Amino acid sequence: MSRTHLVTGSASGVGAAVAQALRARGDRVVGIDLRDADITADLGTPEGRAGAVESAVAATGGTVDSVIACAGISAPKPLTVAVNYFGVVDVLTGLLPALRRSTAPRAAVVSSMATLQRNSPDLVDACLAHDEERALTIAAGLAEQGPGVGYLAYPSSKRALSRWVRRESITADWAGAGIALNAVAPATILTPMTRELLASPESVAMVDKAVPMPLNYHQSPESVAELLVWLTSEVNTHVTGQTIYCDGGADASLRGDDVWGWADPA
């Protein structure tokens with residue numbers, strides 16, 4: 001049976017690959033993006049998110065089988081936090097009633113292996129408190145210190161997003177409603193967002209040092225899309241709360257072979 005999916009960031013990169021894969025299966029996709037989408041909306045603003053949710057409900061008749069949030073940016077400025085965290089959380093939360101009307105509701109978001117990188121704990125905390133004004137103020141303060149410090153907005157937004165997924169996935173709103181909620185954390189994807197970053201041998205070497213990918217090197221958007229499609233399919237009945245590192249081995253390279261130490265005796 002055909003399913004109806006909401007895909008943010010559907011005009012390019014991973015979002016476009018997800019939309020294409022779902023349509024190839026015979027499913028219906030309602031895309032949301034700044035342009036070239038079924039619904040045009042700016043997810044960097046509260047008004048844009050509210051409008052996107054309202055338009056999505058109208059376009060689908062109020063029933064959505066999955067929401068796949070791919071929209072995101074990487075820039076040393078507050079907008080990164082607005083789009084990557086609040087633009088994801090507000091849309092997913094706003095579409096909860098529509099998801100609950102599905103017989104097999106699912107949701108997945110695009111996080112990043114940058115969750116493993118240095119971040120701003122204060123910014124992460126502000127996001128998780130859903131204090132957008134404070135979060136944007138902190139991000140603006142980081143940006144004023146230059147691009148190197150301002151970049152902390154990106155790993156901070158993705159760390160907060162993965163923590164939100166883990167926190168919310170087991171609540172009555174999500175697990176209690178039968179909704180699997182997960183994140184996928186890619187490494188270096190060959191998309192328009194990374195084109196400038198990979199423009200010279202020197203920048204490629206810098207990226208590869210920070211993000212080692214021993215398996216198959218830099219990845220295509222399709223490598224991420226196929227995992228997102230599976231996570232939001234009817235066959236996924238029990239995977240929830242996970243940030244799955246679809247990253248060519250970056251996580252294993254950086255964190256080693258034991259990430260279960262929290263359960264060990266002190």
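**A126.** I looked up A126 and found a relative accessibility of 0%, so A126 counts as buried. I am reading a predicted model here. I placed A126 in helix 5, which covers residues 121–128. Next I listed what A126 touches, leaving out residues up to four places away in sequence: F86, D131, R134, A135 and I138. I also checked A126 against A160, which lies 34 residues away along the chain; their C-alpha atoms are separated by 9.0 Å.

**H130.** I moved on to the loop between helix 5 and helix 6 (132–143), where H130 lies. H130 is not a glycine, yet I noted a positive phi of about 55 degrees. I reminded myself that most residues other than glycine have a negative phi. Is H130 buried, partly exposed or exposed? H130 counts as partly exposed, because its relative accessibility is 39%.

**D36.** I found a second residue of this kind in D36, a residue other than glycine with a positive phi near 55 degrees. I located D36 in the loop between strand 2 (28–33) and strand 3 (39–40). With a relative accessible area of 70%, D36 is exposed.

**Helix 11.** Which residues of helix 11 (residues 221–231) are buried? I wrote down P221, V224, A225, L228, V229 and L231. I then asked why they are on the same side of helix 11: they cover an arc of only 160 degrees around the axis. For what covers these buried residues, I noted helix 1 (13–24). The cover also includes four strands, namely strand 4 (66–69), strand 5 (106–110), strand 6 (180–186) and strand 7 (243–246).

**Whole chain.** I counted the secondary structure as 12 helices and 7 strands. Buried residues make up 51% of the 266 residues. I compared the radius of gyration with the value for a compact globule: 266 residues would give near 18 Å, and the chain has 18 Å, so the two agree. Along its principal axes, the C-alpha trace spans about 50 × 45 × 35 Å. Of the contacts with a separation of 6 or more, I noted that 75% are between residues 24 or more positions apart.

**Surface and charge.** I put the accessible surface of the chain at about 12300 Å², with 55% of this area belonging to carbon and sulfur atoms. How far apart are the mean positions of the positive and negative charges? I noted 20 positive and 28 negative charges, and their mean positions are 2 Å apart.

Notes
Residues are numbered from 1 along each chain as its sequence is written. This is a predicted model: local features need pLDDT of at least 70, side-chain atom pairs count only at pLDDT 80 or more; totals for chains, interfaces and linings use all residues. Side-chain values use heavy atoms; hydrogens and water are left out. Buried means under 20% relative accessible area, exposed over 50%, partly exposed in between (1.4 Å probe, protein chains only). Helices (H or I, at least four residues) and strands (E, at least two) are DSSP runs, numbered from the N terminus. The arc is that of the directions from the helix axis to the C-beta atoms. Contact means heavy atoms within 4.5 Å. The radius of gyration is taken over C-alpha atoms; the globule rule is 2.2 Å times the number of residues to the power 0.38. Accessible areas come from the Shrake-Rupley method with a 1.4 Å probe; for residues, only the protein chains shown count as cover. Lys and Arg count as positive and Asp and Glu as negative; His and the chain ends are not counted. The place of a charge is taken as NZ of Lys, CZ of Arg, CG of Asp or CD of Glu.
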